[in-house]
Amino acid sequence: MNHTAPLSASSPRRARGAVPLGLAFLAVLGVAGALFFLRRPLMMSAPACLAGRWHGCFDTFNGVVLMTLVTLPLAVLVAGGLAWRRRAAGVPSAWRLSLAEVGMVHGTVPFVWLTMMPGGGAGVVPARVSLVPLLDLVTMGSLGIVGNLLVFAALGFFAPMRWAALASVPRILALGAGCSALVEIAQYVLRLDRVSSVDDVLVNATGAVLAGLASRRWWRTES
């Protein structure tokens with residue numbers, strides 16, 4: 001009598017079920033950590049955001065981060081709806097694909113929005129560029145470094161889960177660096193009163209790679 005067949009048949013189902021559970025656990029930890037460390041500055045922008053005012057909410061770092069956290073349940077519902085449609089259509093790995101797509105958008109757009117926020121001299125002061133590696137890094141500060149690491153972290157985390165073609169460290173690095181370079185070029189062309197720096201590209205790409213390594217066990221291995 002063969003007792004191994006039922007066990008081997010159920011293993012893939014358990015493995016597939018562990019993907020959304022593991023991602024949900026990481027998301028809860030990330031949100032809880034962000035709320036703990038940012039609770040005081042986030043509350044400073046809460047009145048403006050709750051009142052629906054643009055100034056004081058969507059034009060500030062605290063306000064954008066707060067709204068990103070507030071809309072997280074909506075992002076989860078969207079991911080659930082996409083997963084439900086995919087499962088109904090018989091698409092394999094429905095949850096992983098749906099979480100990856102929503103996670104990339106929800107975790108990347110707010111940070112890109114922040115980097116494209118114009119300074120006080122936008123359109124007036126000349127565009128500035130810094131092409132010497134590590135020159136700006138020493139003046140960036142710990143908060144600036146952490147912020148730059150997070151800009152494309154969600155993209156690096158979820159992209160290799162969505163597309164097998166991106167499931168490698170060099171390709172995640174290229175993706176993060178390419179997207180960051182586009183943002184820096186846009187800042188320069190639009191004269192947003194920001195410095196288009198090669199160090200921003202380096203730190204953005206590093207953040208994407210580190211986040212990608214954190215999701216390595218869930219990378220998509222086939223097209």
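## A tour of the cysteines and salt bridges

Start by selecting Cys179, which at 22% relative accessibility counts as partly exposed (buried is under 20% relative accessible area, exposed over 50%, partly exposed in between, with a 1.4 Å probe and protein chains only). A note before moving on: this is a predicted model, where local features need pLDDT of at least 70 and side-chain atom pairs count only at pLDDT 80 or more, while totals for chains, interfaces and linings use all residues. Residues are numbered from 1 along each chain as its sequence is written, and side-chain values use heavy atoms, leaving out hydrogens and water.

Next, pick Cys49 and Cys57, whose sulfur atoms sit 2.0 Å apart in a disulfide (a pair of cysteine sulfur atoms within 2.5 Å). The whole structure has one disulfide. This link of Cys49 and Cys57 is right-handed, with 105° about the S-S bond. Cys49 is buried at 10%, and Cys57 is buried at 0%.

Now go to Glu101, which forms a salt bridge with Arg86 at 2.6 Å, N to O (a side-chain nitrogen of Lys or Arg within 4 Å of a carboxyl oxygen of Asp or Glu). Glu101 is in helix H4 (residues 94-115) and Arg86 in helix H3 (residues 72-88), 15 residues apart; helices are DSSP runs of H or I with at least four residues, strands are E runs of at least two, both numbered from the N terminus.
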